[in-house]
Amino acid sequence: KSRMKGERIVTTLLPYGPEKPRAGMVKNVTTNEVEIIWEPPKGEFTKYILMIDPNIIKEVKPLKKRVSSISTSGIGVNRFDTIEEYSLSDESWERDLSHLLTSFTLPGLHPGEAYILKLITKTGDRETNKPIYDIVMTKPEPVTNLCVGKITTSSVDLLWRSPEENPHLKAFIISVSSKDTKYKKDLTVKKADTPLNKYTLNLLKPETDLSVSLQSVCVFDTLKTMSKREKISCITLPTSPTKLSLEGRFCHSLTVSWVPPLMHHSNFHKYKMSLTSKDISYSSITELPGDRDTFIFSKLPEVVGSG
C-alpha cells in the first residue's frame, strides 16, 4: 500500500522571438520620439522587453551569432540559425511592454542622437534567444536666428546658428528658388566649427525675389535625419542707374536725366530721387515710376536771390 513520493518540477520553453519587418523596426522619428513596429511571434509569452542603448560613439557593426532552432525534419537533427546581435553598454535601459502590442512610441530621447534598440520576448524568467535589433537616430533641432546679411546685385549672405546638443550634426541643406521659377538650387553646406554659420549665394541676377529654406542634417553610419525647414525671403539689389546729369537749371527748378539699368523692370520698381542743400537746410525725397529717365525738381524754396 505504500507509494513512492516524487517531486514536481514546472518549467517553460523558451518563447519565440518577435519578427523584424523587412523595412526595419522604425516607423516614424521626431526630435524626441521614435515609433517602432514589429510582428508578434508564434506561440504564447508573457511580455516584451525593449532595451535602449544611447552609448553609440562611432560606427557599429553587428556580431554574427548562431542559435539553435526547433527541427522540423526529424528527431535528432540539429538546426541552427544565424542572427545579427549588437552588444549593449552599461548605459542602456529597458521598458516592459504588453504582449498585446505590435508598436510602441518611445519618448524622452535627445535630438540628433543615435540609439541601439533591442526587443525580446519573455516568459517567466526565460527570454527568447532570437531578439531583434535596430539602430535609430532622432531628428536634429532646426537652426535658429536665420537671417540675411549683406545683399548685393548678385549675392546674398545667409547667417544662422547651429542647434546645440545634436552630437551627429554634420551639415545643412540649403534650398533656394526664385519667385519666377527661373532659378533653383539645392546644396549641402558643412557645419562650421563655431555656432555661427555663414554661406554666400553667388552668381544671382539683380532684382531676384528668392525663397530660402534651411535644414539641419545629422549623419551616423548609414543613417541620415533632417530637421524641419526654417524659411526666409529676400531680394537682390537692383542695378544702379548711370550717367546722372544736369539737363537744365532755372531760378526755382532743376532738370536731371539718367540712363536706366539694363535689368530694370519698370512694372515692379521705382526710382527714389533726393535733393539736398545744406546752405538753406533743405532736403526732399521723391519716388518715380520705373519707366522714367528724367525728372524736374520744381517748387524749390523761394529765398532772397538766386543761386
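This is a predicted model: local features need pLDDT of at least 70, side-chain atom pairs count only at pLDDT 80 or more; totals for chains, interfaces and linings use all residues.
Me: Why is serine 89 called buried?
Reply: Serine 89 has a relative accessible area of 19%, and buried means under 20%, so serine 89 counts as buried.

Me: Where is the place of serine 89, and which residues does serine 89 touch, not counting residues up to four places away in sequence?
Reply: Serine 89 lies in the loop between strand 5 (79-85) and strand 6 (93-98), and, with residues up to four places away in sequence left aside, it touches Asp53 and Asn55.

Me: What makes strand 1 and strand 7 the edge strands?
Reply: Three strands form an open sheet in the order 1-2-7, with antiparallel pairing; strand 1 (26-29) and strand 7 (103-106) each pair on one side only. Neighbouring strands of this sheet are turned by 15° against each other on average, with direction ignored.

Me: How many helices and strands does the protein have, and what share of its residues count as buried?
Reply: The protein has zero helices and 23 strands, and 36% of its 307 residues count as buried. Among contacts with a separation of 6 or more, 63% come from residues 24 or more positions apart.

How values were computed:
Residues are numbered from 1 along each chain as its sequence is written. Side-chain values use heavy atoms; hydrogens and water are left out. Helices (H or I, at least four residues) and strands (E, at least two) are DSSP runs, numbered from the N terminus. Buried means under 20% relative accessible area, exposed over 50%, partly exposed in between (1.4 Å probe, protein chains only). Contact means heavy atoms within 4.5 Å. Two strands pair if DSSP finds at least two bridges between them. Axes are lines fitted to C-alpha atoms, for helices over the stretch in contact, and angles run from 0 to 180 degrees between N-to-C directions.
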